[in-house]
Amino acid sequence: MKDKRKHQKSIFSRLVKSYILFLVGSLIIFILMLVAVLALVGRGSINNLSPQSVVNSDGTLNDLDTLNRIGGWVEELDSEGNVVSFAGDRKTDKDSYSTEELADLLDLGYVKFNGTGVDISEKNSGGIKEYSGIVRYAGNPRRIFIVFFPSDKILIRLTYSISGGENNYVIVFVAVLAALFLLEVLLISNYLKRHIDKPLKHLMQGMDEVSEGERDVVLDYKTDKEFEDIRDRFNMMARKLKETEEEKHRIEQSRNQMLLELAHDIKNPVASIKSSVSALEEGLVAEDKKEDYFRRIDMKAERIRTLIEDMNTSLKMESDDYKLNLEKADVSEIVRRICVEFYEDITETGKDFDIEIPEESLYADVDVQLFGRVINNLLANANKYNSTGKNISVNVRKDSDQIVVEVADDGEAIAEDFVPRMFEAFSRGDSTRKTDGGTGLGLAISHKIIEKHGGTLKYIRAEDKNFFCIRINYEICK
C-alpha cells in the first residue's frame, strides 16, 4: 500500500502543476492575443507594424499600405546623403542629409523631424516634434533608406500606440486579455476545488454516519495521496471504534452473565442453608442427624465464600489498575512445592503422578501467591475431572527465553464446542468433565492471572492427553 502510495500525486505536486499550467496558459493567451491584435492592426501582416521591416534586406519595399495609412514615407539616399527617391506622402523638401546627421541616426536609431529640418537631439527634448525616423542600410551594394512615421501615432521599441480610430484595438486587447485571465483563474480554481471537495464530502458524510451510530462505515474513493491517507486512517478509526464497542458490549454481557451465574450459584446453597436451619429450629431433625445438617450448612457456606472470593479475584484481574506483587522467584520451586501438596490426593485416587522439574532454578518475575494459585487450579481440575484416565503429569522446562509449565492428564477429551469458551467466567464442560460443584471461575481466573504476567495459558489435545500449557518470560538471576 505504502509503495503504491509513493507514486501517487500529492496536493503539493497538484498545486505546482496547476500553477505551472496557469503560467503557461497565461503566456500562451497573452502571446496569441498580442499576435491577433498586431495582425489586426497590421491588416493581416505583423511585419507591417515594424518600421525596420518596411525596407527588406535586398532594398525592396514591403507593402506600404499601413505606412501610408498613418501618414508615413520612405526616402532613399545615395552615398553622399542626397535624396534620390521616396515612397509615400513625403512631408518635407529636404534634399540631403549630412554625414553627422546620418551618424547620429545610426547611433540613436531614430530622429525627430518638425518640417523644417532634422533634429538629432535627445528623444525627449523640447519643441514640437511631428515625425520620427529610422535609418536602414539594405541591398548590395549597400543603399541608405530613412523610414519616417508620425511620432504621435507610433512609439518605438516598447509599445505601439495607434491613433486615428485604430487605438480602440488596445482597449479591446486589454479587456479581452483580462477576461481570459479571469476565466483561466476560475477554471484553475474550479479544478482544484473539485479535487479537494470530493474527498472532503466523503469524509464529512462518513463522520456524520459514525456520529449517528453507524459502525460499518468504510470510505472508498480515489484521490490525492494526502486525502487517501486520511481515508485509510478514518477507516482504521471506524474499524477500531466498532471493535471497541463490540468488545465493550461483549464484556458487559459477560459481566451480566457472571452476575446471573453468581446469583444462581449462590441461590441454591442459600436455600439449602435456610431449609436446614428451619428444620433444626423446628426440631424436625433427629439428634443423631444434627451433625450431618451442621456439616451441610458449613459446606454450603464455604461454597458461597469460595464463589464470592473467586468473583472478587476475577473482577480484580479484569481491572487495568490492578497491580501484581511481582518478585523474582524460582518457578521450579513454586511448582515443586504445589506438587508435593497434591501428591497424596492424586495417588489416593489410584492415578500415577509424573513430575518432571529440573534441579536448576528457573527465575521469572511473578506474583508468587497468584502464580501458585494457577498451578493449584490446574492440578485440582486434572485430579477432579479426570474420571477415565490414570495419569496426571507436570513438566517444567526452559524453552529459549521462556519458562514452560505443562499440566496434563490422560482423561476424556474436552468437548470441541467448549474449548473456545473454556477460559470464560462460569463456563462449564460436558457431562464427562462436569464441574460437580465447581464455581466455573477457576480457568477464567487462571487465564487472567497469566495474562497479567505477560504470558499465555493455552489448552492443547495431543497424544490422547489434555495439556494446559503456561508460558512466561524467563529472567536471568543476577
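**View 1. Strands S11 and S13 pair in the antiparallel sense.** Strand S11 covers residues 402-409 and strand S13 residues 465-473, with 8 bridges between them. Strands here are DSSP runs (E, at least two residues), numbered from the N terminus, and helices are runs of H or I, at least four residues; two strands pair if DSSP finds at least two bridges between them. Ile403 has Ile472 of S13 as its bridge partner, and Glu406 is opposite Cys469 of S13. This is a predicted model, in which local features need pLDDT of at least 70, side-chain atom pairs count only at pLDDT 80 or more, and totals for chains, interfaces and linings use all residues. Residues are numbered from 1 along each chain as its sequence is written, and side-chain values use heavy atoms, leaving out hydrogens and water.

**View 2. S12 and S13 form a hairpin.** The two strands run antiparallel and are joined by 7 bridges. Ala462 has Lys465 in S13 as its bridge partner. The hairpin has 2 residues between its strands, and Glu463 in the turn has a positive phi of about 55 degrees.

**View 3. An open sheet is formed by 5 strands.** Their order is S8-S10-S11-S13-S12, and the pairing is mixed. Strands S8 (352-356) and S12 (456-462) are at the edges with a single partner strand each, so one side of each has no neighbour in the sheet.

**View 4. Helix H7 spans residues 290-318.** From first C-alpha to last, its 29 residues reach 42 Å, close to the 42 Å expected at 1.5 Å a residue (1.5 Å times one less than the number of residues).
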